[in-house]
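Let's take a friendly walk around this protein, from its surface patches to its charged pairs. Have the sequence and the model open as you read.

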Amino acid sequence: MSAQSDKSPFLHELEVEVETEIEQVESSAPADDVVVPPSEWLFDPTDIDREEASLRSLLGAVEALEGDHRQDSTGQ
């Protein structure tokens, strides 16, 4: 069996969605050399950092569950 067929379809889809969200958060980060007054911010940079940290934590949990799922399907 390939590694792909060992994955739960739900976990795989969740992993893809979380990775996409992380890419969006990373691409929406403002450039460090652009100075905009806080009154013009669309998002608070601290909130963006928190969201990215939460998504990375969720991705780690999904990957851990996938590892458990693979072990269960191989009987180990």
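## How patches are defined

A patch is made of residues with over 30% relative accessible area and no salt bridge, where like charges are joined within 9 Å and nonpolar side chains (Val, Leu, Ile, Met, Phe, Trp, Tyr) within 5 Å. Accessible areas come from the Shrake-Rupley method with a 1.4 Å probe, and for residues only the protein chains shown count as cover. A salt bridge is a side-chain nitrogen of Lys or Arg within 4 Å of a carboxyl oxygen of Asp or Glu.

This is a predicted model, in which local features need pLDDT of at least 70 and side-chain atom pairs count only at pLDDT 80 or more, while totals for chains, interfaces and linings use all residues. Residues are numbered from 1 along each chain as its sequence is written, and side-chain values use heavy atoms, leaving out hydrogens and water.

## Overall build

The protein has 3 helices and 0 strands (DSSP runs numbered from the N terminus: helices are H or I with at least four residues, strands are E with at least two). Of its 76 residues, 17% count as buried (under 20% relative accessible area; exposed is over 50%, and partly exposed is in between, with a 1.4 Å probe and protein chains only). The accessible surface comes to about 5800 Å², with 55% of it belonging to carbon and sulfur atoms.

## Two surface patches

Val34, Val36 and Trp41 make up a nonpolar surface patch with about 250 Å² of accessible area together. Val34 sits in the loop between helix H2 (9-27) and helix H3 (45-74), and it counts as partly exposed because its relative accessibility is 49%.

Glu13, Glu17, Glu21 and Glu51 form a negative patch (Asp and Glu count as negative, Lys and Arg as positive, and His and the chain ends are not counted; the place of a charge is NZ of Lys, CZ of Arg, CG of Asp or CD of Glu). H2 gives the most to this patch, with 3 residues.

## Salt bridges

How many salt bridges does a search of the whole structure find? There are 3. In one of them, Arg56 pairs with Glu26, with the closest N and O atoms 2.3 Å apart. Arg56 lies in helix H3 and Glu26 in helix H2, so the pair ties together parts that are 30 residues apart in sequence.

Arg56 also bridges to Glu52, at 3.1 Å between the closest N and O atoms. These two residues both lie in helix H3, 4 residues apart, about one turn of the helix. Through shared partners, salt bridges join Glu26, Glu52 and Arg56 into one network. Arg50 forms a salt bridge with Asp47, the closest N and O atoms being 2.9 Å apart.
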